[in-house]
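Me: I would like to learn how to read strands and pockets in a model. Please take me through this one.

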Amino acid sequence: NYAILVTEQERFIVHSTLKRLALSLKQQGFVRVHRSYIVPVDKIDSIEDNRLRIGETLIPIGKSYRAKLMGQLHFI
């Protein structure tokens, strides 16, 4: 059980499950969007079909995670 954390500057390998990380990071504004991805809500630039964009990176949105993601987004 390990996860790769990607920041703007570095990549880290941590000994943890994504489920445990998602619970830990929830209060800091992160949301699980796919079985393989947790992202910071404030860094999401756009949502295109079943993917979201953070900078130039496209990340898939899993069907079972989409409703929770949309509930956490604040639209103007």
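Me: In which sense do strand β6 and β7 pair, and over how many bridges?

Reply: Start with the ground rules. This is a predicted model, where local features need pLDDT of at least 70, side-chain atom pairs count only at pLDDT 80 or more, and totals for chains, interfaces and linings use all residues. Residues are numbered from 1 along each chain as its sequence is written, and side-chain values use heavy atoms, with hydrogens and water left out. Now the general idea: strands of a sheet pair through backbone hydrogen bonds, either parallel or antiparallel. Here β6 (residues 51-54) pairs with β7 in the antiparallel sense, over 4 bridges. Two strands pair if DSSP finds at least two bridges between them. Helices (H or I, at least four residues) and strands (E, at least two) are DSSP runs, numbered from the N terminus.

Me: Which residues in β7 are the bridge partners of leucine 52 and isoleucine 54?

Reply: Leucine 52 is bridged to isoleucine 59. Isoleucine 54 has threonine 57 as its partner.

Me: Which residue takes a positive phi in the hairpin of β6 and β7?

Reply: Glycine 55, with phi near 65°. The hairpin has 2 residues between the strands.

Me: What is the strand order in the open sheet?

Reply: The order is β5-β6-β7, 3 strands with antiparallel pairing. β5 (46-48) and β7 (57-60) are at the edges with a single partner strand each, so one side of each has no neighbour in the sheet. Neighbouring strands are turned by 30° against each other on average, direction ignored. For such angles, axes are lines fitted to C-alpha atoms, for helices over the stretch in contact, and angles run from 0 to 180 degrees between N-to-C directions.

Me: How much space lies in the largest pocket?

Reply: About 690 Å³. On a 1 Å grid over the protein atoms alone, a pocket is an open set of points where a 1.4 Å probe fits, with protein on both sides within 12 Å along at least five of seven lines; lining residues have an atom within 4 Å of a point. Grid points are joined across faces, edges and corners, and a volume is the space filled by probe spheres set on the points. Of the 20 lining residues, Leu5, Val6, Thr7, Ile38 and Pro40 are closest to the centre.

Me: Which elements each supply at least two residues of that lining?

Reply: β1 (3-6), α1 (18-25), β4 (37-40) and β7.

Me: What is the volume of the second largest pocket?

Reply: About 170 Å³. α2 gives the largest share of its lining, 4 residues.
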